[in-house]
Amino acid sequence: GVNPQVQLLATSTDGLTTWQKRPEPVMSAPPTGLELVGPPDFRDPFVWRDGEGWLMVIGTGLKDVGGAVLLYRSADLRTW
């Protein structure tokens with residue numbers, strides 16, 4: 001999602017033809033304690049299965065560092 005940047009979830013049960021969007025974000029904000037640049041970049045997620053769980057990377061920018069990637073883990077794609 002944009003304005004603000006959040007991470008949303010949509011699922012499909014018919015072979016990826018139609019999608020059902022979850023009404024609330026699975027991640028509503030970047031992690032606290034980081035000094036992000038711009039309007040805080042927290043975007044372009046990429047998700048993949050890792051064994052029994054899931055991994056997700058999200059692009060961001062850190063003040064005085066530059067581009068960065070945040071790594072998250074989840075067992076159910078809803079709690080990160």
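Predicted model: local features only at pLDDT ≥ 70, side-chain atom pairs only at ≥ 80, totals over all residues.
Let me start with P31, which at 30% relative accessibility counts as partly exposed, where buried means under 20% relative accessible area, exposed over 50%, and partly exposed in between, with a 1.4 Å probe and protein chains only. Residues are numbered from 1 along each chain as its sequence is written, and side-chain values use heavy atoms, with hydrogens and water left out.

P31 sits in the loop between β2 (20-21) and β3; strands here are DSSP runs of E with at least two residues, and helices are runs of H or I with at least four residues, numbered from the N terminus. Leaving aside residues up to four places away in sequence, P31 touches F42, L70 and Y72, contact meaning heavy atoms within 4.5 Å. P31 and W48 are 17 residues apart along the chain, and their C-alpha atoms are separated by 20 Å.

W48 brings us to strand β3, where this residue is found, and at 30% relative accessibility W48 counts as partly exposed. Together with F46 and L71, W48 forms a nonpolar patch on the surface, with about 320 Å² of accessible area for the three together. Such patches are made of residues with over 30% relative accessible area and no salt bridge, like charges being joined within 9 Å and nonpolar side chains (Val, Leu, Ile, Met, Phe, Trp, Tyr) within 5 Å; the areas come from the Shrake-Rupley method with a 1.4 Å probe, and for residues only the protein chains shown count as cover.

Now to the sheet itself. Three strands form an open sheet in the order β3-β4-β5, with antiparallel pairing, and two strands are said to pair if DSSP finds at least two bridges between them. Because β3 and β5 stand at the edges, each with a single partner strand, one side of each is left without a neighbour in the sheet. Neighbouring strands of this sheet are turned by 25 degrees against each other on average, direction ignored, with axes taken as lines fitted to C-alpha atoms, for helices over the stretch in contact, and angles running from 0 to 180 degrees between N-to-C directions. Strand β4 (residues 53-62) pairs with β5 in the antiparallel sense over 9 bridges, and the bridge partner of I58 in β5 is L70.

How many salt bridges are there? The count comes to 4, a salt bridge being a side-chain nitrogen of Lys or Arg within 4 Å of a carboxyl oxygen of Asp or Glu. One of these joins the side chains of D50 and R73, at 3.9 Å from N to O. D50 lies in strand β3 (residues 43-50) and R73 in strand β5 (residues 66-74), so the pair ties together parts that are 23 residues apart in sequence. D50 counts as partly exposed, at 40% relative accessibility, whereas R73, at 58%, counts as exposed.

D44 forms a salt bridge with R43, the closest N and O atoms being 3.5 Å apart; here D44 is exposed, with a relative accessible area of 56%, and R43 is partly exposed at 43%. The side chains of E24 and R22 also meet in a salt bridge, at 3.1 Å from N to O, with E24 partly exposed at 37% and R22 partly exposed at 29%.
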